[in-house]
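Reader: Hi! Could you walk me through this model?
Author: Happy to, here it is.

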Amino acid sequence: MDFEIKTKTRVNLKKYTQDDIDVAYKFSTVIYKEFDKFVKAIVLFGSSARQQKSGDIDILLIVDDVTIQLTPELIQTYRIITEKTVAKISTKLHITTMRFTSFWEYCRAGDPVAVNILRDGIAILDTGFFDPMQALLYQGRIRPTPESIWSYFSKAPVTLHNSQWHVLQGVIDLYWAVIDSAHAALMKMGEIPPSPAHVADLLEEKLVKKKLLHNRYPKIMAHFYHLSKAITHGEIRTISGEQYDQYFKDAKDFVDEMQRFIRK
């Protein structure tokens, strides 16, 4: 009996330029020839599909870690050949490698990593699983599990805390900018850089009293010294954006003034 098997249209093709697709096919041909069954899928995805002009061509290589043993020799050979292929074909290629077991777990949990790849990607090479998984996503059959939902949410409070830490660390960086520039100015005066606790006093004695520096700068130095100590000792745990902006303004003013003095 004669009959025709029709495949569904690959709607994501129109999201990519023909040039990107051609480069991806050329890369995939070389990689599959080298590794054959080790490669389960080669997928074009990423910024190109979202019309973002990053200049990169993002390729996902899904490799078989189920039936093939990933020995150190195989991994090293894979890396060398992949890097050489990218260098030969196009430096615009940005390669991401994922094990098949990892990709499957992401899909099973409805993880955003897999969902985004399935939503926008097109399989340049598929051994029979990527296109069906993509179709299941479009049909609404790949959904986040409660575990994956809470796994992602649990990152949020930690990230919020980290953001506050980064602001505090930024103030510490401002302190070091102030102390380093102050040391440089004192060195120009022939002074051996003192410990941070005595820098403000030495600026007052060697520069302010000789009318070489305005008296507000030792005060800025002293303020940053005490501020850094309060942060490192845990006495200050949060700093507002408004406070940071003022600290940055003071630090920049201090550094600029030290630079002017050194250049005299």
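Author: Let me start with Asp-120, which counts as buried at 9% relative accessibility (buried is under 20% relative accessible area, exposed over 50%, and partly exposed in between, with a 1.4 Å probe and protein chains only).

Reader: Before we go on, what sort of model is this, and how are residues numbered?
Author: This is a predicted model, so local features need pLDDT of at least 70 and side-chain atom pairs count only at pLDDT 80 or more, while totals for chains, interfaces and linings use all residues. Residues are numbered from 1 along each chain as its sequence is written, and side-chain values use heavy atoms, with hydrogens and water left out.

Reader: Thanks! Which side chain does Asp-120 meet in a salt bridge?
Author: Lys-15 does the pairing, at 3.1 Å from N to O. A salt bridge here is a side-chain nitrogen of Lys or Arg within 4 Å of a carboxyl oxygen of Asp or Glu. The pair links distant parts of the chain, 105 residues apart: Lys-15 lies in the segment before helix H1 (18-35) and Asp-120 in helix H4. Helices (H or I, at least four residues) and strands (E, at least two) are DSSP runs, numbered from the N terminus.

Reader: And Lys-15, how accessible is that one?
Author: Lys-15 is partly exposed, at 26% relative accessibility.

Reader: How many salt bridges are there?
Author: The count comes to 7 salt bridges. Among them is Arg-216 with Asp-253, whose closest N and O atoms are 3.6 Å apart. That pair also links distant parts of the chain, with Arg-216 in helix H9 (residues 216-232) and Asp-253 in helix H10 (residues 241-263), 37 residues apart.

Reader: What about Lys-252, which partner does it meet?
Author: Lys-252 meets Asp-256, at 3.0 Å from N to O. They sit 4 residues apart in helix H10, so about one helical turn separates them. Lys-252 is partly exposed at 45% relative accessibility, and Asp-256 is partly exposed too, at 24%. Elsewhere, salt bridges that share partners join Glu-191, Glu-205 and Lys-206 into one network.

Reader: Switching to strands: is S2 enclosed or open?
Author: Strand S2 (residues 57-63) is largely enclosed by the rest of the structure, because 7 of its 7 residues are buried.

Reader: Which residues of S2 sit on each side?
Author: Ile-57, Ile-59, Leu-61 and Val-63 are on one side, with Asp-58, Leu-60 and Ile-62 on the other, and all are buried. In a regular strand the side chains alternate between the two faces of the sheet.

Reader: Nice. Which strands pair with S2?
Author: Strand S1 (residues 39-45) runs antiparallel to S2, joined by 6 bridges, and Leu-44 stands opposite Ile-59. Strand S3 (residues 93-99) pairs with S2 in the parallel sense over 7 bridges, where Leu-61 has Thr-97 as its bridge partner. Two strands count as paired if DSSP finds at least two bridges between them.

Reader: What do S2, H2 and S3 make together?
Author: A right-handed β-α-β unit, with helix H2 (residues 72-89) as its helix. Right-handed means that, with the strands pointing away from the viewer, the path from the first strand over the helix to the second runs clockwise.

Reader: Last one: where is Val-113?
Author: Val-113 is in helix H4 (residues 112-120), and it is partly exposed, with a relative accessible area of 33%. Together with Tyr-106 and Tyr-152, Val-113 forms a nonpolar surface patch of about 220 Å² accessible area. Patches are made of residues with over 30% relative accessible area and no salt bridge, joining like charges within 9 Å and nonpolar side chains (Val, Leu, Ile, Met, Phe, Trp, Tyr) within 5 Å. Accessible areas come from the Shrake-Rupley method with a 1.4 Å probe, and for residues only the protein chains shown count as cover.
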